[in-house]
Amino acid sequence: MNSTDNHRMICGYYLGFELKREANLSALTNDVVKSSAIEGEALNPEEVRSSIARRLGIDIAGLVPASRDVEGTVEMMLDATQQFSTPLTQDRLFDWHAALFPTGRSRMQRIAAAQWRRPDAGPMQVVSGPIGHETIHFEAPHADRLDKEMRAFLAWFDNGKDIDPVLKAGIAHLWFVTIHPFDDGNGRIARAIGDMALARADGTSDRFYSLSTQIDSERKDYYDQLERQQRSAPEITGWLEWFLDCLGGALSNAEATLGNVLFKAALWDRINENPVNDRQRRIINRMLAPDFKGYMNTSKYAKLAKCSNDTALRDIQTLKERGIFIQNPGGGRSTSYRLPDKVEKPIDGSRYRPEEN
């Protein structure tokens, strides 16, 4: 399997500059949100999207302020993927860790931020699951060994020896998680290192797939694989096979992401032939967001647009007449609307259908 070839195959879609930026923004947003979700941290996707867009200079509607937790996680991920060719050093890892834990606390617990875990902290157990119901997967090396272990890891990661860069991403992920050098945040940093290695393999900072999204969908198997590897011989073929299968799934799912981007572009191309008002634009963008669930109705529209029900109904009727809103079966108080399943006049003359959620 060759990540670069697969990546170029996916990017073989015809994507103009703006569509590439939108696809890149979508993949990075998913990566940040899902990498945190694997560790039980729930980040607001709209805050993550806004933070990434601001940092990359992408002009999007509906920017929202981002929390300190979101900004720190985004800062780490963008440094890993956008500055992928910069050497990975101890100071850089410390900067990432400081960004993840700006207050020096993980939830209510004080941790050693921007430094390796200390010997007086005791053994480091790698766990998953909610507080009070954790599953212990393995125990990391004692803190006395961290300086030596991390020097070896960093020297290997940036050496120029002939090793497949995709395999290097998988090995780096496993090796860093095994060392577990920080009090917290090791999983997120390991995945950032893996994404950094994959960006080097692809030779571009553009991201059109999200490995963390695929790992999150296989979360139990992910931890099972890590646990199995720690309890077996140094042979890591099983882990690498799983990692490559997971990466293959992420690349396949990128087609759905790009399909949605193309659908949105085609929809707005059609809408902008006769532009909608600001309220309608805001609502359509909200309905196109990955986390939007269900359908639109008058009361929901009024709440989201901060307008009266009468104004909401007029806006909805206008959108319905233009074919931008499709009324679902049913009437009365249960009347609801959805966006079209396909666009009759997309930008390149073909038709796109978004993937079902």
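Arg 207 lies in the loop between α8 (186–202) and α9 (211–217); helices (H or I, at least four residues) and strands (E, at least two) are DSSP runs, numbered from the N terminus. This is a predicted model, in which local features need pLDDT of at least 70, side-chain atom pairs count only at pLDDT 80 or more, and totals for chains, interfaces and linings use all residues. Residues are numbered from 1 along each chain as its sequence is written, and side-chain values use heavy atoms, with hydrogens and water left out.

Arg 207 is buried, with a relative accessible area of 1%. Buried means under 20% relative accessible area, exposed over 50%, and partly exposed in between (1.4 Å probe, protein chains only). Leaving aside residues up to four places away in sequence, Arg 207 touches residues including Ala 23, Leu 28, Thr 81, Asp 195 and Asp 202, where contact means heavy atoms within 4.5 Å.

Arg 207 also lies over the face of Tyr 209, at 4.9 Å from the ring centre. A charge sits over a ring if NZ of Lys or CZ of Arg is within 6 Å of the ring centre and within 35 degrees of the ring normal. Lys 168 is placed over the face of Trp 156, at 4.9 Å from the ring centre.

Trp 156 belongs to a cluster linked by ring pairs, with Phe 94, Trp 116 and Phe 153 among its members. A search of the whole structure finds 16 aromatic pairs. Phe 325 and Tyr 337 form a stacked one, 6.1 Å centre to centre with 25° between the planes. Rings of Phe, Tyr and Trp (its six-membered ring) pair if their centres lie within 6.5 Å; planes under 30 degrees apart count as stacked, over 60 as edge-to-face and the rest as tilted. Phe 325 is buried at 1% relative accessible area, and Tyr 337 is buried at 4%.
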